[in-house]
Structures are given as C-alpha cells and as structure tokens.
Amino acid sequence: MDFLAPALIVFATVLAMEWVAWASHKYIMHGFAWSWHRDHHEPHDNLLEKNDLFAIVGAVASISMFAIGSPMVLGSGAWWPGTWIGLGILFYGIIYTLVHDGLVHQRYFQWVPKRGYAKRLVQAHKLHHATVGKEGGVSFGFVLARDPARLKAELRRQREAGIATIRESAGA
C-alpha cells in the first residue's frame, strides 16, 4: 500500500470531521443532548464538565474505526481504510482539544490572540456563547469560523425574531 491513499483518507477525514462536529454541535448538543452540553455554556469552577463526555464519544468512534481496520481484530474481514479514518478522527480530536479547549476556553494555556485567524476563531466561539440556552446561536463549528461581524448581525436578527436570548455582556 502506498503512502498517498492513506494520507488522503486521513486528510479527508479531518476535513469531514469539522462538518460532523458542526452538525452534532448544532443538532445534537443543542438538541436532545443539551443535558450534557448545558454546563459548557454556564459559568462554573469545575475542572471537568458533562460536556467532556462528548470527547469519549469521539474516542469511541476513532477506536471503533481502528478496530474495523485492524487485521488483528477482524482478521481477513478488516477494512483497511478504517485504520486511516480512525487516525483522522484522532487528529481532529487533538486539533479540537488544542483549539477549542486550549485556545478558545483557555483550559490548558493562557494566550489571547491579537490578530489573525486565531483571533477570529476566539471571537466566533465567544459569539456562539453569547446566547442563553440552547435556542438560536451562531458558529457551531470548531475550526472554521465565519466573519465575526456577520455572526453579530445574525445574532441581532435572531434576537429581534425572538429565536435567541442574548447575554447582557455579549452586546450583539
């Protein structure tokens, strides 16, 4: 097996995971699994959040794909792309942890970006947290971020339409 096909599978999986993360954040975390995600949107002093359980879900998906791709687990029935998909999910999980938990929420290090894409990511996610409750909201992705000015305008539209309640400190 050459290097190109596995590398493309890993890269495509990392890209696809941003869409998976966006859809799960918007429709699952802000939907029927709000009970796990709620504490992420509320102030607290706890080291861990119920929301961290979603990392376990991601780990199970990655490990499952490693198992599906492993001849040691499935013998001749192993599906070789599974290993590389599992690696892509793992890489996305690492990126998510560094960007979302580390950079945006500063759980592991203290750095406030002053310019560039890192600043845009932080602003976009702060605007995501500008709403009270699970209704409405913007910026459900974790690595790709839209222009903060457009996100503020969308939050204003949602507030005026009665879709979202905006926190006092957000000023959107």
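This is a predicted model: local features need pLDDT of at least 70, side-chain atom pairs count only at pLDDT 80 or more; totals for chains, interfaces and linings use all residues.
## Overall architecture

The protein contains seven helices and two strands. Read from the N terminus, its elements follow the order α-α-α-α-α-α-β-α-β. Along the principal axes, the C-alpha atoms fill a box of roughly 60 × 35 × 30 Å.

The protein has 172 residues, of which 40% count as buried. Among contacts in the protein with a separation of 6 or more, 52% are accounted for by residues 24 or more positions apart.

## Packing of α6 and α7

Two packed helices are described by the angle between their axes and the distance between the axes. In this model, the axes of α6 and α7 come within 9 Å and cross at roughly 5 degrees. Angles under 35 degrees count as roughly parallel, and α6 and α7 are therefore roughly parallel to each other.

On the α6 side, the residues that meet α7 are Arg120, Gln123, Ala124 and Leu127. Their counterparts in α7 are Pro148, Leu151, Lys152 and Leu155. The residues of this contact divide into five nonpolar, one polar and two charged.

In soluble globular proteins, nonpolar side chains tend to be buried together. The largest nonpolar core of this model has 11 residues in all: Val99, Leu121, Ala124, Leu127, Ala130, Val138, Ala145, Leu151, Leu155, Ala164 and Ile166. Helices α6 and α7 each supply at least two residues of this core. The most is given by α6, with three residues.

Leu127 belongs to this core and also to the contact of α6 with α7. When residues up to four places away in sequence are not counted, Leu127 touches Val138, Pro148, Leu151, Lys152 and Leu155. A second, separate core consists of 10 residues, including Ile9, Ala21, Ile85 and Tyr96.

## Salt bridges

A search of the whole structure finds three salt bridges. One of them joins Asp52 and Arg107, with the closest N and O atoms 2.9 Å apart. Asp52 lies in the loop between α2 (34–37) and α3 (53–68), and Arg107 lies in the loop between α5 (81–104) and α6 (116–128), so this pair ties together parts that are 55 residues apart in sequence.

Arg107 also forms a salt bridge with Asp101, the closest N and O atoms being 3.8 Å apart. Arg107 counts as partly exposed because its relative accessibility is 28%, within the range between 20% and 50%. Asp101, by contrast, is buried, with a relative accessible area of 7%; the cut-off for buried is under 20%.

A further salt bridge links Arg157 with Glu154, and here the closest N and O atoms are 3.1 Å apart. Arg157 and Glu154 are three residues apart in helix α7 (residues 148–160), so about one helical turn separates them. Both count as partly exposed, Arg157 at 47% relative accessibility and Glu154 at 24%. Elsewhere, salt bridges that share partners join Asp52, Asp101 and Arg107 into one network.

Technical notes
Residues are numbered from 1 along each chain as its sequence is written. Side-chain values use heavy atoms; hydrogens and water are left out. A salt bridge is a side-chain nitrogen of Lys or Arg within 4 Å of a carboxyl oxygen of Asp or Glu. Helices (H or I, at least four residues) and strands (E, at least two) are DSSP runs, numbered from the N terminus. Buried means under 20% relative accessible area, exposed over 50%, partly exposed in between (1.4 Å probe, protein chains only). Axes are lines fitted to C-alpha atoms, for helices over the stretch in contact, and angles run from 0 to 180 degrees between N-to-C directions. Angles under 35 degrees count as roughly parallel, over 145 as roughly antiparallel, 65 to 115 as roughly perpendicular and the rest as oblique. Contact means heavy atoms within 4.5 Å. Ala, Val, Leu, Ile, Met, Phe, Trp, Tyr, Cys and Pro count as nonpolar, Asp, Glu, Lys and Arg as charged, and the others, Gly among them, as polar. A nonpolar core is a set of buried Ala, Val, Leu, Ile, Met, Phe, Trp, Tyr and Cys residues joined through side-chain atoms within 4.5 Å.
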